[in-house]
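Hi,

Here's the structure I promised to pass on. Have a look at it first, and then read on for my notes.

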Amino acid sequence: MTVSIAGRSYTVACDAGQESHIGRLARSIDHKLQGIPNLAGQAESRTLLFAALLLADELDEIESAKQSAAQIAQSDEGSSEAGAAEALESLAERLEDLAKRLEDAGANA
């Protein structure tokens, strides 16, 4: 099948029935790259590197959020409201940091 990312077409092989999934993933990557200004004229490898870094950062933030949610659940079990508040505050700080890094990546691209 053929996918389009950052205005370029790529032919990829996939198992039968996986076309819609691969297409959805490609659209996700393309959408991430649309948020980065000044990518026009960048080398293909550099463009895909930006996409990989953004997706890896998003995955890392999701994992951190899962850990924070687990901490909140443990706090609830231990009936510690202070621990839950700390976990929520930590999660909020991580999300703010992610937003700033994404803004910075867009500004520096």
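The protein exposes about 7,400 Å² of surface, and carbon and sulfur atoms supply 53% of that area. Keep in mind that this is a predicted model. Of its 109 residues, 23% are buried.

On the overall layout: there are three helices and two strands, and reading along the sequence you get β-β-α-α-α. If you take contacts between residues at least 6 apart in sequence, 45% of them join residues at least 24 apart.

How many salt bridges does a search of the whole structure find? The answer is two. One of them joins the side chains of Glu 58 and Lys 32, at 2.1 Å from N to O. That pair links distant parts of the chain, with Glu 58 in helix α2 (residues 44–77) and Lys 32 in helix α1, 26 residues apart. Both partners are partly exposed: Glu 58 counts as such because its relative accessibility is 30%, and Lys 32 has a relative accessible area of 25%.

The other salt bridge is between the side chains of Glu 63 and Lys 66, with an N to O distance of 3.8 Å. Here both residues lie in helix α2, three residues apart, which is about one turn of the helix. Glu 63 is partly exposed at 37% relative accessibility, whereas Lys 66, at 51%, counts as exposed. The 3.8 Å distance falls inside the 4 Å cut-off for a salt bridge, so the pair is counted.

Then there's a charge without a partner. Asp 30 sits in helix α1 (residues 19–34) and is buried, yet it has no salt bridge. Which side chain of opposite charge is nearest to Asp 30? That would be Arg 27, and it is 8.6 Å away. What Asp 30 does touch, once you set aside its neighbours within four places in sequence, is Ser 4, Ile 5, Ala 6 and Gly 7.

Ala 6 from that list deserves a look of its own. You'll find Ala 6 in the loop between β1 (2–5) and β2 (8–11). Its phi is positive, about 55°, although the residue is not a glycine. With a relative accessibility of 32%, Ala 6 counts as partly exposed.

Ala 6 also turns up among the contacts of Thr 47. Thr 47 is in helix α2 and is buried, with a relative accessible area of 3%. Leaving out neighbours within four places in sequence, Thr 47 is in contact with Ala 6, Arg 8, Leu 33, Leu 39 and Gln 42.

Glu 86 lies in helix α3 (residues 81–108). Is Glu 86 buried or exposed? It counts as exposed, because its relative accessibility is 57%.

Cheers

Notes:
Residues numbered from 1 in each chain as written. Predicted model: local features only at pLDDT ≥ 70, side-chain atom pairs only at ≥ 80, totals over all residues. Heavy atoms only, no water. Helix = DSSP H or I, 4+ residues; strand = E, 2+ residues; numbered from the N terminus. Buried < 20%, exposed > 50% of the residue type's maximum accessible area, 1.4 Å probe, protein only. Lys, Arg positive; Asp, Glu negative; His and termini not counted. Contact = heavy atoms within 4.5 Å. Areas by Shrake-Rupley, 256 points an atom, 1.4 Å probe, with all protein chains shown as cover.
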